[in-house]
Amino acid sequence: MYPEFITLLNNYDVVCFDETKLDDLDTVELDNFIFHFKNRKKYSNRKSGGIAFGYKRYLENCITPIQTDCPFWSRPVVQWFSIDEKIFDLKSSVIFGVIYIPPENSIYTSENALSDIELEFFELQRTNKYICLLGDFNSRTASLQDFNDLVDTDDFLAQNLIDINEFSNVDILDKLGIQRKRHSTDLNVNSYGRKLIQFCKNNNMYIMNGRIGNDEVGKPTSKNTSVVDYAISTADVLYLVENFDVLPFSSLFSDIHCPLELVLNCSNIKQSNVNINVESGENNTYIGKWNHDQVNEYKENLDKESISQLLSFIMTKTENVQNVDKNTIDEIVNEIRDVLLNSARNTFGEFVQKTYGFDYTGGKQNHRDWFNTECRRERRAFRKSKRLYKRYGSRIFKERLRRISGYHILKYFDNCMSNIWNAQFSDTWVSKCIEQKLKDQFQQECWYLLQKVETDLTFS
């Protein structure tokens, strides 16, 4: 290796590479670094493509490669790895994906490039909210908006949907002082760029280029003045970002691309203000649903004395505005909340709902052994998305429904079938029946098949 290249590596704890042009016979060794490679299989007479990542040896017990099925033929490749949560003082690890999507009009081009990556992203997102993708996407996005906003919806949805943040967490950008609008010196957009923008909108991912750190102008990432290399992440990762920059081009390190530099804060982690932790078997008390027919009753149940005392308190505190601080405002808000909630309890009543753990299989429905909390959660998400799309018809809910029904349902049906295979059935008729049903009418007949198998046979 060139001494200059070794000096560059030593400046960083983790390094990622695209287009390594290595094969399985090549070896790269450096005293204080550990490298992992994902090489392109032989598709031509010369070496091409390939990705790699490396880290300093003191991080050996903190960084773990994640093996997935994403191939590297004419389709894209992503090499996943995770950094232990202890590094960032978090409750879960941070997952990184090194991306290389072959350029358009090459022999390796794939129209389903981002779709293949998205499938693996879905699988990882089920258990982790800290995910960052970086590398060569060969996507030109100009300054297209990469998130869903109320302006994207119809007037009826904007007026009737109470909490748009359930589907878009763009407000986190405002909390962190990050500008919503991206800037870019590259004004061109290609088909990969449009797909990348849609990928970000579907999955609440945010592009760092052109809005964070030293790259608020959207510097070009190649010597041809185009922006094709990106760092994108979920909103939770943005709390960790200390700086992002596009470094100057150097022919010593690449033939055309500029290095990207991402600095994460490992010592002073900002946590979300809202943390929900429901333990297994805990009894939770809820207020009944709002009923518009009981509006007058709700008004009558408002505690007039408490309201009068609250108004007096507000008038007293606001006589001198300079004495009003955060604690005073919190106290006023809490008093208003208590008045409204007490009236709601007296009007709509209360009920107790038990939150069950992962292994619970009881309840009103007689669920099968394989129908665990994970299946129940996915079914609930599917039904909710279906109701929202049917009611509002917005493309936000359409994408949400497409993502869940097109991937999650298929994936969890497949997991259910795997659980049955693991139950060690020995009857060959069962194997043939399941295999045939999976091939012919998987989604419509799968539930019937599972019930029939359990009825006819006993789990071993």
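Of the 460 residues in the protein chain, 41% count as buried, and it should be kept in mind from the start that this is a predicted model. The chain contains 14 helices and 13 strands, and it exposes about 26,900 Å², of which carbon and sulfur atoms supply 48%. If we take the contacts between residues at least 6 apart in sequence, 70% of them join residues that are at least 24 apart.

We can now look at one pair of helices. Two packed helices are described by the angle between their axes together with the distance between those axes. Helix α9, which covers residues 304-317, packs against helix α10, which covers residues 326-348, at an angle of about 165°, and their axes are 11 Å apart. Because angles over 145 degrees count as roughly antiparallel, α9 and α10 are described as roughly antiparallel to each other. The crossing in which α9 passes α10 is left-handed. On the α9 side, the contact is made by Ser306, Ile307, Leu310, Phe313, Ile314 and Lys317, while α10 contributes Thr328, Glu331, Ile332, Glu335, Ile336 and Val339. Sorted by class, this contact of α9 with α10 has seven nonpolar, two polar and three charged residues.

Helix α10 is also the place of Arg345, whose relative accessibility is 32%, so Arg345 counts as partly exposed. Leaving aside residues up to four places away in sequence, Arg345 touches Ile287 and Glu350. The C-alpha atoms of Arg345 and Tyr286 are separated by 8.9 Å, although these two residues are 59 residues apart along the chain.

Methods
Residues numbered from 1 in each chain as written. Predicted model: local features only at pLDDT ≥ 70, side-chain atom pairs only at ≥ 80, totals over all residues. Heavy atoms only, no water. Axes fitted to C-alpha atoms, helices over the stretch in contact; angles between N-to-C directions. Helix = DSSP H or I, 4+ residues; strand = E, 2+ residues; numbered from the N terminus. Parallel < 35°, antiparallel > 145°, perpendicular 65-115°, else oblique. Left-handed = near helix turned anticlockwise from the far one by under 90°. Contact = heavy atoms within 4.5 Å. Nonpolar A, V, L, I, M, F, W, Y, C, P; charged D, E, K, R; others polar. Buried < 20%, exposed > 50% of the residue type's maximum accessible area, 1.4 Å probe, protein only. Areas by Shrake-Rupley, 256 points an atom, 1.4 Å probe, with all protein chains shown as cover.
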